[in-house]
Structure formats: structure tokens, C-alpha cells
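This report describes the pairing of strands in a protein model. The sequence and structure are shown first.

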Amino acid sequence: SASISVTTGEATDITDSGATVSGAISGVDQSLTCGIIYGTSSTLSSSSGTKKSTTSWSNYSLTLTGLKATTTYYYRAYAVIEGEYVYGEVRMFKTKETVAITTGTATDITESGATISGAISGTSQSLNCGIIYGTSSTLSSTSGTAKSTTSSGNFSISITGLKDNTTYYYRAYVLDEEEYKYGE
């Protein structure tokens, strides 16, 4: 079993609450219990850290979920060979910040327009954001009319060209890591 090695792979698809991590086993010709041990301490063994296991005899990847935002996690691959743990090197990644969006109020309402506010929280970076509005309550990136801006906090957008005596629905949105998040 001296020729068996375990390698810890890259962390990919890192979000505010998860990541995909990989490992590889070489020098085996049968399926083994293997996986990833991870935690917020760099001391990781079969008795410390959280284990997520699978069975494989070559490359594998596991998705870690339920992680805390903006936190450094350490991880390492492992395999159980004849009852003994064999480890890959310890690597690390940092989860992203949690970005949230809140839809604000409509003010300065006239027969043809209004000013609508929104608020982004959980980030210090400026992101693409805005208001989607329309006469249907079904509003998303593919339905309704979007008016965008860039902000890292509170924003307000002036909407014009509306029909008088008409009910409009609206919601704030933010584009975070190419994913739309919506307010109420």
C-alpha cells in the first residue's frame, strides 16, 4: 500500500454558503471509502473537522453546503485503506459574502411615474441592481421592464412613461456573481 497516494484538489463554485472540493486517489484498483475533511481550523484528521464521504477509486468531487459567509475553510482529501486514514495536503478557500436585496417604497407618484427605492446589504462592492416593474405581478429578469443602476447600498430609480390610473407591480433586484436575487 506504499504506492497509494491521496491528492487534495481545487475548491471551485465557491458561494456564500458552499463550495465544491475534489480529491484523487492513485495506486488503487478497487473502490475505497474516501472523501473530504473540512473545517475552520487547519488541523484536520479523522477525529477533527467535518467528514463528507463517498466511494471512489480515482477522482471525486463533493459539494459542501451550510457554510458560513466570508469564512476561511480548510479541507483535505482522505481515503480509508485497510482501516487506516491516508490524507492529501491541507488546502483552503474563503466563502463569499452574503448579498441580500430589499425592495423599498414607491414615492413621488404621479400620473406617469414614480421613484422606487431598493437596498443592497452584505457587500461593500458596487453591483448591478435596479427595479423591475410591470402591470403583472410576475416579475423577473425575463418579465417586466428593468431599469438598472450600480450601487453597494441604498438606491432609488425614477420610473417614467407609465400609464395613468394603472396598477404597477415592482421589485428590486441585484445581479450577484451573474445570479439574479430579488426583493419582495
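## A four-stranded open sheet

Four strands form an open sheet in the order S12-S11-S14-S15, with antiparallel pairing. Strands here are DSSP runs (E, at least two residues), numbered from the N terminus, and two strands pair if DSSP finds at least two bridges between them. Strand S12 (145–151) and strand S15 (179–182) each have a single partner strand and stand at the edges, so one side of each is left without a neighbour in the sheet. From one strand to the next, the twist averages 30 degrees, where axes are lines fitted to C-alpha atoms and angles run from 0 to 180 degrees between N-to-C directions.

Strand S11 (residues 127–134) and strand S14 (residues 169–176) run antiparallel and are joined by seven bridges. Gly134 has Tyr169 in S14 as its bridge partner.

Seven of the eight residues of strand S3 (residues 32–39) are buried, that is, under 20% relative accessible area with a 1.4 Å probe and protein chains only.

Strand S3 pairs in the antiparallel sense with strand S4 (residues 50–56) over seven bridges; the bridge partner of Leu32 in S4 is Ser56. Strand S3 also pairs in the antiparallel sense with strand S6 (residues 72–81), over seven bridges. In S6, Arg76 is the bridge partner of Ile37.

## Basis of the values

The model is predicted, and local features need pLDDT of at least 70, side-chain atom pairs count only at pLDDT 80 or more, and totals for chains, interfaces and linings use all residues. Residues are numbered from 1 along each chain as its sequence is written, and side-chain values use heavy atoms, with hydrogens and water left out.

Note on methods. Buried means under 20% relative accessible area, exposed over 50%, partly exposed in between (1.4 Å probe, protein chains only).
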